[in-house]
Each structure stands twice: as C-alpha cells, then as structure tokens.
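Visitor: Pick one part of this model and take me through it closely. I would like the pairing first, then the packing.

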Amino acid sequence: MATVHRLDMGHVELPESHPRAADGTCPIFCFAVTTHDGTVVVDTGPRAGHPFIDELYAPQVRSIVDVLNGEGIDERHVLAIVNTHLHFDHCGQNYLLGSAPVWVTDEEVEAATAEFYTVPEWAEIPPDRRRRTVDGELIAPEVRLLHTPGHTPGHQSVCVDTPDGLELIVGQTCFSCAEFEGGPPAITDMHDESWLEVGQASLDRLRSLSPAAAHFSHDLAVFGR
Ligand SMILES: [Zn+2]
C-alpha cells in the first residue's frame with residue numbers, strides 16, 4: 001500500500017527579479033512515497049550555505065533526513081530519489097540520501113548544463129546513481145513517472161496508486177492548485193514562452209487522469225482535499 005507524505009522543507013524569499021516576487025515567501029514541499037519495498041523521495045529541496053543562493057533567496061530549510069524522520073521514515077530505507085526537475089530548490093539535498101539511485105529525464109540533465117539554470121554542483125548526479133526516466137515507467141510498486149515538460153524541458157511528475165485512488169505529485173507542471181483546477185499554466189512559470197503549448201499539454205495530460213488528489217511543490221493547497 002503506497003502512501004504519499006508531504007515534506008515541509010521550509011521556504012525561500014523571492015527576489016525582486018523573480019516573476020512571483022509579489023508573493024514574497026515561497027514554501028517548498030518535497031514528498032515521500034512509502035511502499036511495501038521502501039520509500040521513494042520526490043525532490044530534496046535546496047541546501048543552505050551557497051553564497052549566491054543565500055544572498056538572493058535566503059533559504060530557511062530543514063534537512064531532508066530530519067523531515068523524513070519526523071514522518072517516521074528511516075532515511076536508510078530510501079529506495080530511490082525522483083527529481084521532478086533540477087532547479088536548485090528541488091535537488092539540493094540529494095547528497096544526504098547516500099547511494100539511492102536518482103531518476104531524471106535525459107532532457108533535464110541536458111537542460112541543467114545551461115548557465116544560470118541551477119546550482120551545478122547540486123544538480124550533478126554521480127553516473128553510478130543516475131537512472132534515466134522512461135515515460136510511463138513503474139519505478140517501484142505503485143509509483144509511475146510521466147514526462148511533463150513545460151516548466152523545464154525535462155520536467156517529470158509522479159503517479160502513485162494509493163488505497164484512496166490515484167495521487168499525483170505534480171511538481172511544477174503548474175504552480176498552484178488553482179491552476180490545476182482550470183485554465184492554462186502561467187506563462188511566467190514556463191521554461192520560456194515557447195514552452196507554453198507543451199506545458200499546457202502536460203497539464204492537460206495530468207488532469208485527464210482524474211486524480212483523487214494532486215500535490216504541488218510550492219502550494220500548500222492539495223487538489224481533491
Ligand atoms: Zn522549478
């Protein structure tokens with residue numbers, strides 16, 4: 001039986017240059033999916049102690065190990081990490097989860113080589129830990145990955161079969177629960193304007209699954225609850 005746990009990792013302050021600067025603070029949620037075989041961690045949050053990120057985003061973050069333990073999950077039972085994408089606030093603590101394999105798309109690894117895309121040393125995945133996501137692949141009992149590009153070229157989302165029905169970890173396919181409920185994704189959240197149509201198709205794909213619940217990286221609201 002799979003269960004989705006939301007992990008409250010803390011928050012960052014959005015700088016003036018950010019399209020959502022008016023929001024001020026941005027919460028960061030990662031997720032743990034507990035299954036019969038072990039735990040799949042979806043995103044790991046930012047790390048503190050990077051001069052540029054600290055200066056620009058002032059992250060107030062918890063350790064993923066502490067947050068997992070707080071949910072009663074032993075970090076040594078992490079079966080796999082899934083990075084929805086490789087922006088700095090989604091992959092900064094991969095290193096704390098030892099040797100767990102990390103699932104990312106080829107498109108995302110390629111995108112992350114661009115300047116100013118992320119913190120390269122956080123996004124770097126040792127070759128022996130790297131797993132390439134195949135669209136629709138089951139990576140653990142009840143845990144399936146879907147390519148949902150738009151926010152980034154290689155963004156992916158996670159489908160979890162739970163006793164209560166299908167739960168989606170949307171990541172940043174769209175920013176908010178309200179956006180998931182209808183309309184297009186915000187153009188400012190797309191990789192660039194040319195990705196809007198692709199992002200819309202990804203969002204429609206997730207909506208068409210009619211999930212019982214859907215969870216977002218930066219919105220406290222949960223669709224369906
Ligand atoms: Zn992002």
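Guide: Two strands pair if DSSP finds at least two bridges between them. Strands here are DSSP runs of E, at least two residues long, and helices are runs of H or I, at least four long, numbered from the N terminus. The model is predicted: local features need pLDDT of at least 70, side-chain atom pairs count only at pLDDT 80 or more, and totals for chains, interfaces and linings use all residues. Residues are numbered from 1 along each chain as its sequence is written.

Start with the sheet of 7 strands. It is open, with mixed pairing, in the order β4-β1-β2-β3-β5-β6-β7. β4 (60-61) and β7 (130-132) stand at its edges. Each has a single partner strand, so one side of each lacks a neighbour in the sheet. Further in, β5 (residues 78-82) and β6 (residues 102-104) run parallel, joined by 2 bridges. Ile81 has Val102 of β6 as its bridge partner.

Now the sheet of 5 strands. It too is open and mixed, ordered β8-β9-β10-β11-β12. β8 (138-140) and β12 (213-216) are the edge strands; each has a single partner, so one side is left without a neighbour in the sheet. From one strand to the next, the twist averages 25° (angles between lines fitted to C-alpha atoms, from 0 to 180 degrees between N-to-C directions). β11 (residues 165-171) meets β12 in parallel through 4 bridges. There, Glu167 is partnered with Ala213 of β12.

Helix α7 comes next. Its 12 residues (196-207) reach 16 Å from first C-alpha to last. Gly199, Ser202, Leu203 and Leu206 are buried (20 or more other C-beta atoms within 10 Å of their own). Seen down the axis, the buried residues fall within an arc of 95°, so they line one face of α7. On the other side, Glu197, Ala201 and Asp204 are exposed (12 or fewer such atoms). The cover over the buried residues includes β10 (156-162) and β11.

Leaving out residues up to four places away in sequence, Val42 touches Cys30, Phe31, Val33, Val82, Thr84, Val158 and Ile169.

Conventions
The expected span of a helix is 1.5 Å times one less than its number of residues. The arc is that of the directions from the helix axis to the C-beta atoms. Two residues are in contact if their C-beta atoms, placed from the backbone, lie within 7 Å.
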